[in-house]
Amino acid sequence: MTAALEASPAQRVMARFARHRLALWGGLAVMLLCAAALFAPIVAPHDPVALDTSRRFLAPFQDWRFVLGTDELGRDTLSRLLHGGRISLTVGLVAMATTILTGAVIGILAGYLGGIADTLLMRFVDTMLCFPQVFLLLVVAAFIPPTLLSISLIIGLTSWMEVARIVRAEILHLKEQDFVTAARALGASPFRIMAVELAPNALAPILVAATLKVASAVLIESYISYLGYGVQPPLASWGNMLTNAQGYFDTLPWLAILPGAMITITVLGFNFLGDGLRDALDPRLRMDP
Amino acid sequence: MIPYILRRIAQAIPLLVGVSLIGFGLMHLAPGGPLAVYTLNPTITAQDIERIRIIFGLDQPIHVQYLKWASGMFSGNWGYTFFGGRPVLDVILERLPATLILMGSALSLAIVLGLSVGTLGAVRRYSVFDALATTGAVFALSFPTFWFGLMAIYVFAVQLRWLPSGGMFELGNEGDPLDLLRHLILPTMVLALVLTAQWSRYARSAFLEVLGQDFLRTARAKGLTQQQRLWRHAFPNAAKPLIALLGIELPLLFSGALVTETIFAWPGMGRLFVDALTMKEYPILMGMIMFTAIFVIVGNLLADIAIALIDPRVRMGA
């Protein structure tokens, strides 16, 4: 007990995180996936778009040069999975950044300004939440030509509402604290109070939300790619690899199993990591009260 | 009770206005705007388009256009489809029953399973069962729905041949309830997976919250059995956040139904939406967006009224 009291806040957070074993596994998975995505061009044994119809539909472990087999155009599955991961994680991270930025700005403004600004912004949040995200996403995705950036932005701009609510609640609590009064007494401008005093103190819930949002963005990217409005071939993404595989999957199920498993591992990794961070950083937000 | 309901309805009105503004904005964002179908048709001249613009009132100021459109929506005139010129609302309502059957069966399954798992987990907190259930829920939430669906088709339809891989009825069997049931099993399973996980998580935390309350300690001190405490005291209190979840979950349910219906060729609204997307049927797309949003607003309203019915604190208080 005394040891726990003497530990610095950072050490206590680390200790709480380490106790969450699944979060450690999640963190490990995320690190491995990020490394694989980062070094995909070096690690991948083949060019992910190189066609060779003489070696179509190789099964996994049938030929050591194509460890995970090949698809209907003879492209190496392992290389495509690695490069697809690059795409999926990029979309996940950019969408998350958009989500967090939009959500945090709206949450901080609403929470700090209060009054009519708060009412208007929160009504906007409520309104956006009335639309089923996939519907909204697909309509906008169908309107503009899909690029990596546009897909990420669309995902980000349709999923920031929860973040705004979480941040607003945090700010409402923070702005009553003495350090904000002190800053105001020192003559700090509202902008300075929001950006320098309030935002850094709301970092814990934002970090948790950010981790969980990468997971949902990766999942959503795979949905819209699967439906054909996401990342366009020949660029490989896990979602459009699944779409391809669907045509052969009653005879060649591994073509569908592999990209699906990668999506699941990635989403699971980020979800466990986020749950662990939530328990470690902010015990108040825990799933079990 | 009545004042509460009226107040709650009054709160829904700005939401409806907001939803209609976004819907109207999206319609004008569409490439080619509301006239896309005519400008793409080579047999229609520029003069014709000008005439159509005037007929449709598109030459009028934007706020006049909005008011006309909004009052049209209000009176059930949701526009006409590009291909075939059928009323949009009719096309959507035609697909509603199939979606409601699928959503209803998935939701019932998820509520029964999720409530049991979550309640048991809360009562036996930190047991092996609880650990497995909470971890399992995160797994279920991390599966891409369509992938789970494809795997389910592979195992149960392709390999085992127990169940059909898609559709609602076998050819010539339309309207046969047993056939419908057989076709319903796989999509229900797939759609219910995520919902069950959510329900078990919410039920667990709702019950844990209630189980720590003073009135349950009092009930225990009075000598009530665990069964009595759970059903008479804990359950009605834990039910509140769960009814709220019903309302919150509606958008997710529609999104899930869209993906599930696509995999299983289920002839519901989700499928209509995906088909309309490929055919660039903007009136249907916009109609669907508005329809689902209104559905969600009404669903949340009903959930809130139900909560007020079981909890006098809600209808009396703020």
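Which residues of chain B does A:Phe135 touch, not counting residues up to four places away in sequence? Here are some notes to get you there.

1. First, some housekeeping. This is a predicted model, where local features need pLDDT of at least 70 and side-chain atom pairs count only at pLDDT 80 or more, while totals for chains, interfaces and linings use all residues. Residues are numbered from 1 along each chain as its sequence is written, and chains are lettered from A and ligands numbered from 1 in the order in which they are written.

2. Chain B has 13 helices and 0 strands (DSSP runs, H or I of at least four residues for helices, E of at least two for strands, numbered from the N terminus). Its C-alpha trace spans about 85 × 55 × 35 Å along the principal axes.

3. Now look at where the chains meet: 42 residues of chain B are in contact with 40 residues of chain A (C-beta atoms, placed from the backbone, within 7 Å). Helices H1 (2-29) and H12 (282-310) are among those of chain B that each supply at least two residues to this side. That side of chain B divides into 32 nonpolar, 7 polar and 3 charged residues (nonpolar: Ala, Val, Leu, Ile, Met, Phe, Trp, Tyr, Cys and Pro; charged: Asp, Glu, Lys and Arg; polar: the others, Gly among them).

4. Back to the opening question: A:Phe135 touches B:Phe254, B:Ser255, B:Leu258, B:Phe273, B:Met288, B:Ile289 and B:Thr292, not counting residues up to four places away in sequence.

Definitions and conventions
Contact = placed C-beta atoms within 7 Å.
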